[in-house]
Amino acid sequence: MTITTIAPLSAVWVGITAAIILISRDWRVSISALGAQYVGIFILVAVVWPLEYAVIKLVAGWIAAAVLGMGLMERPDAWKQETGYGLSAVLFRVFIAGFVVLVVLSIAPDVSNWILSATRNQILGALFLIGLGLLHLGLTSQPMRVILGLLT
């Protein structure tokens with residue numbers, strides 16, 4: 001099995017982890033999903049970059065997740081729940097994440113015509129990250145969640 005054979009799964013994996021970061025209310029789940037997200041990014045990048053450069057991206061993402069996790073272990077009050085973040089907010093985030101996925105799937109063929117050097121899987125993964133990361137930034141004002149949205 002080569003990297004290119006698992007690239008379609010990694011594009012889906014990146015989208016799932018970005019949605020988990022968006023929906024999750026527990027900082028441990030969000031930080032773990034961020035670390036897992038960088039595994040998918042590593043696979044997508046390793047298709048075109050040399051393996052050494054792709055590993056650097058993976059390690060940098062894991063270090064960022066570890067630093068955020070250590071900071072939240074020291075100050076768990078930094079992850080305050082946003083007011084009104086109940087079941088309806090979770091359902092709204094699931095619905096809007098599904099909407100972003102539909103938009104990404106509809107515009108990916110056009111983007112692949114613009115960027116000829118990228119594979120379809122890389123374009124899908126990148127658009128999932130951009131769409132769900134921007135959505136995350138738009139839905140929160142809490143600093144630690146904003147950092148997760150920026151890292152996404």
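Leaving aside its neighbours within four places in sequence, which residues is histidine 136 in contact with? The residues are Ile21, Leu22, Arg145, Leu148 and Gly149. Contact here means heavy atoms within 4.5 Å. Histidine 136 sits in helix H5. Its relative accessible area is 1%, so histidine 136 is buried. Buried means under 20% relative accessible area, exposed means over 50%, and partly exposed lies in between (1.4 Å probe, protein chains only).

Some ground rules come next. This is a predicted model, in which local features need pLDDT of at least 70, side-chain atom pairs count only at pLDDT 80 or more, and totals for chains, interfaces and linings use all residues. Residues are numbered from 1 along each chain as its sequence is written, and side-chain values use heavy atoms, with hydrogens and water left out.

Now the overall fold. The protein has 6 helices and 0 strands. Along the sequence the pattern reads α-α-α-α-α-α. Helices (H or I, at least four residues) and strands (E, at least two) are DSSP runs, numbered from the N terminus. The C-alpha atoms fill a box of roughly 45 × 35 × 25 Å along the principal axes. Of the 152 residues, 43% are buried. Among contacts with a separation of 6 or more, 68% join residues 24 or more positions apart.

Start at helix H1. Its 21 residues should span 30 Å at 1.5 Å a residue, and the end C-alpha atoms are 29 Å apart, which agrees. The expected span is 1.5 Å times one less than the number of residues. H1 also has a kink of about 35°, centred on leucine 9. The bend at a residue is the angle between axes fitted to the seven residues ending there and the seven starting there. The buried residues of H1 include Ala7, Ala11, Ala18, Ile21 and Leu22. Their cover includes H2, H4, H5 and H6.

Asparagine 121 is found in helix H5. At 19% relative accessibility, asparagine 121 counts as buried. Beyond its neighbours within four places in sequence, asparagine 121 is in contact with Ala7, Pro8, Ala11 and Leu44.

Helix H2 follows. At 1.5 Å a residue, its 20 residues should span 28 Å, and its end C-alpha atoms are 29 Å apart, which agrees. H2 is mostly covered, with 16 of its 20 residues buried.

What lies inside? The largest nonpolar core has 38 residues, and Ile31, Leu34, Leu132 and Leu148 touch the most other members. The elements giving two or more residues to this core are H1 (3-23), H2 (27-46), H3 (51-74), H4 (87-114), H5 (120-139) and H6 (143-151). H2 gives the most, with 11 residues. A nonpolar core is a set of buried Ala, Val, Leu, Ile, Met, Phe, Trp, Tyr and Cys residues joined through side-chain atoms within 4.5 Å. Leucine 148 touches Ile21, Ser30, Ile31, Leu34, Leu68, Trp79 and His136, not counting residues up to four places away in sequence.

Next, the charged side chains. How many salt bridges does a search of the whole structure find? The search finds 1. A salt bridge is a side-chain nitrogen of Lys or Arg within 4 Å of a carboxyl oxygen of Asp or Glu. Here the side chains of aspartate 26 and arginine 28 meet at 3.1 Å, N to O. Aspartate 26 has a relative accessible area of 29%, so this residue is partly exposed. Arginine 28, at 49%, also counts as partly exposed.

Tryptophan 49 is found in the loop between H2 and H3. With a relative accessible area of 42%, tryptophan 49 is partly exposed. Lysine 57 belongs to helix H3. At 34% relative accessibility, lysine 57 counts as partly exposed. Lysine 57 touches Tyr38, Ile41, Val45 and Trp49, not counting residues up to four places away in sequence. Lysine 57 and glycine 149 are 92 residues apart in sequence and 17 Å apart in space, C-alpha to C-alpha.
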